[in-house]
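User: I have a model open and would like to go through its fold with you. Could you take me through how the helices pack and what is buried?

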Amino acid sequence: MQTELASKDIQLRGKPFLKWAGGKTQLLSSLAPLIPDKYDKYIEPFIGGGALYFHLNPTQSIIADLNEELIVTYIQVRDKVEDLIIKLKDFKNTEEDYYKIRALEPTSLSEMERAARFIYLNKTCFNGLYRVNKKGKFNVPYGKRSKVVFDEERLRNASKILAGTKILHANYIEVLRDQVSKGDFIFLDPPYFPVGKFSDFKRYTKEFFYEQDHIELRNKFAELVEKGCYVLLTNSNHPSILELYKDFEIIEVSTKRLINRNASNRKGVDIIVVGK
């Protein structure tokens, strides 16, 4: 078992290169004290924006997500970041260009073009929100930002951290079944259990995550702990979730809902479940 934080360029603390609904940047100060001192692999099967992953910069890591466009983008940032930066410089921040690029069918593009399109839409759409309809079509309106910045240094840092990371387009169940060993550190950040009328607008794949899925995830969480893994999970502070994880340590954390349309609803409480 190795000490992850003592290796792989400890000075390089990365930050997400995407804005992501439910991103964990604001929870880092609460998550950091819970990180184990020693572990083997770091595994995050709902990678999203990857705030904790980039903060950790782990030596051995596996990240995954069901969002194919997101995974294609991570792979291109890892493997061809300079070509990607050049491609991003070709885009223009206009409403006409935005809707033209949004209308492109991703599967008709090269993987480099898909990644560039994904980052461009993330930086120019309304509030950086990734959302698709039931057919899987990205449907967020233009953000009307006066200035759009593709942070080249952040992309390059992300590429360095991603080097050597296994990146999978896979369901979390497959990842936990096939990739986990005793001594691994697993961070689970699933689609949150809805706590409000408009909660589902955060959905970023065409697949839903229903109550039964949360029950199944809780069972997987317990199995991982029994296997000898260290597990952290985040979710909404909902009675159903609190009941599911009542046998584990639960930490409540105040958060801001940065993408809520109503300013009065931008405060909330997340939970962190600790399994060890």
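User: Before that, what sort of model is it, and what goes into the values?

Analyst: This is a predicted model, in which local features need pLDDT of at least 70 and side-chain atom pairs count only at pLDDT 80 or more, while totals for chains, interfaces and linings use all residues. Residues are numbered from 1 along each chain as its sequence is written, and side-chain values use heavy atoms, with hydrogens and water left out.

User: OK, how many helices and strands are there in the protein?

Analyst: The protein has 10 helices and 7 strands, taken as DSSP runs (helices are H or I with at least four residues, strands are E with at least two) and numbered from the N terminus.

User: And what share of the residues is buried?

Analyst: Of the 276 residues in the protein, 49% are buried, where buried means under 20% relative accessible area, exposed means over 50%, and partly exposed lies in between, with a 1.4 Å probe and protein chains only.

User: Let's go to H4 and H7. At what angle do they pack?

Analyst: Helix H4 (residues 81–88) and helix H7 (residues 152–162) pack at about 155 degrees with their axes 10 Å apart; axes are lines fitted to C-alpha atoms, for helices over the stretch in contact, and angles run from 0 to 180 degrees between N-to-C directions. H4 and H7 are therefore roughly antiparallel, given that angles under 35 degrees count as roughly parallel, over 145 as roughly antiparallel, 65 to 115 as roughly perpendicular and the rest as oblique.

User: Which residues make that contact?

Analyst: From H4 come Val81, Glu82, Ile85 and Leu88, and from H7 come Glu152, Leu155, Arg156 and Ser159, with contact meaning heavy atoms within 4.5 Å.

User: What about H4 against H6, what is the angle there?

Analyst: H4 and H6 pack at about 60 degrees, again with axes 10 Å apart, which makes H4 oblique to H6. On the H4 side the contact involves Asp83, Leu84, Lys87 and Leu88, and on the H6 side Met112, Glu113, Ala115, Ala116, Ile119 and Tyr120.

User: Switching to the core, which residues touch the most other members of the largest one?

Analyst: That largest nonpolar core has 54 residues, and Phe17, Tyr74, Ile119 and Leu232 touch the most other members; a nonpolar core is a set of buried Ala, Val, Leu, Ile, Met, Phe, Trp, Tyr and Cys residues joined through side-chain atoms within 4.5 Å. Helix H6 (residues 111–124) gives the most to this core, with 7 residues.

User: And what is Ile119 in contact with?

Analyst: Leaving aside neighbours within four places in sequence, Ile119 is in contact with Phe17, Leu18, Thr73, Val77, Leu84, Leu88, Phe150 and Leu155. Another core, of 26 residues, lies apart from the largest one and has among its members Leu217, Phe221, Cys229 and Tyr245.

User: Last topic, the backbone: is Asn57 buried or exposed, and what is its phi?

Analyst: Asn57 is not a glycine, yet has a positive phi of about 50 degrees, and at 3% relative accessibility Asn57 counts as buried. Asn57 is located in the loop between helix H2 (51–56) and strand E2 (61–65).

User: And Lys144, buried or exposed?

Analyst: Lys144 is exposed, with a relative accessible area of 63%. Lys144 sits in the loop between H6 and H7 and, although not a glycine, has a positive phi of about 55 degrees.
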